[in-house]
Amino acid sequence: MPSITRALSRLFPISNTISTAATMAEAQTIARLHLARTGHAVRIAPASVGFSVVEVR
């Protein structure tokens, strides 16, 4: 039976903003580089100006 902390971590993932890019192409490049270096999951989300590259754990 999964623990409560694991269930909560699935509902509310911990995320760290890595960078903000002006275009989607720049954000994809940053995301690919970060994934290649660290192996951590990365998500690209629209920001108020451009796109945010966010690491999700």
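In which sense do strand β2 and β3 pair, and over how many bridges? Strand β2 (residues 41–46) and β3 pair in the antiparallel sense over six bridges, where two strands count as paired if DSSP finds at least two bridges between them. The model is predicted, so that local features need pLDDT of at least 70 and side-chain atom pairs count only at pLDDT 80 or more, whereas totals for chains, interfaces and linings use all residues. Residues are numbered from 1 along each chain as its sequence is written, and side-chain values use heavy atoms, with hydrogens and water left out. Helices (H or I, at least four residues) and strands (E, at least two) are DSSP runs, numbered from the N terminus.

**The sheet**

- Three strands form an open sheet in the order β1-β3-β2, and the pairing is antiparallel.
- Because β1 and β2 stand at the edges, each with a single partner strand, one side of each is left without a neighbour in the sheet.
- Neighbouring strands of this sheet are turned by 25° against each other on average, direction ignored; the axes are lines fitted to C-alpha atoms, for helices over the stretch in contact, and angles run from 0 to 180 degrees between N-to-C directions.
- In general, strands of a sheet pair through backbone hydrogen bonds, either parallel or antiparallel.
- β1 and strand β3 (residues 51–56) are joined in the antiparallel sense over six bridges, and in this pairing N16 has E55 as its bridge partner in β3.

**Residues in the strands**

- S52 is found in strand β3 and is buried, with a relative accessible area of 14%; buried means under 20% relative accessible area, exposed over 50%, and partly exposed in between (1.4 Å probe, protein chains only).
- Not counting residues up to four places away in sequence, S52 touches S19, T20, R43, I44, A45 and A47, where contact means heavy atoms within 4.5 Å.
- N16, placed in strand β1, counts as partly exposed at 38% relative accessibility, and, with residues up to four places away in sequence not counted, N16 touches V53, V54 and E55.
- The C-alpha atoms of N16 and A45 are separated by 12 Å, the two residues being 29 residues apart along the chain.

- H34 is found in helix α2 (residues 24–38) and counts as buried at 16% relative accessibility.
- Residues up to four places away in sequence being left out, H34 touches I18, G39, V42 and E55.
- R37 also has its place in helix α2, but R37 is exposed, with a relative accessible area of 70%.
- Between the C-alpha atoms of R37 and M24, which are 13 residues apart along the chain, the separation is 20 Å.
- H40 is found in the loop between α2 and β2, and at 29% relative accessibility H40 counts as partly exposed.
- Leaving aside neighbours within four places in sequence, H40 is in contact with L35, E55 and R57, and the C-alpha atoms of H40 and R57, 17 residues apart along the chain, are separated by 7.2 Å.

**The nonpolar surface patch**

- I4, L8, L11 and F12 form a nonpolar patch on the surface, and together these residues have about 490 Å² of accessible area.
- Patches are made of residues with over 30% relative accessible area and no salt bridge, like charges being joined within 9 Å and nonpolar side chains (Val, Leu, Ile, Met, Phe, Trp, Tyr) within 5 Å.
- A salt bridge is a side-chain nitrogen of Lys or Arg within 4 Å of a carboxyl oxygen of Asp or Glu, and accessible areas come from the Shrake-Rupley method with a 1.4 Å probe, for which only the protein chains shown count as cover for residues.
- F12 has its place in the loop between α1 (4–11) and β1 (15–21), and F12 is exposed, with a relative accessible area of 61%.
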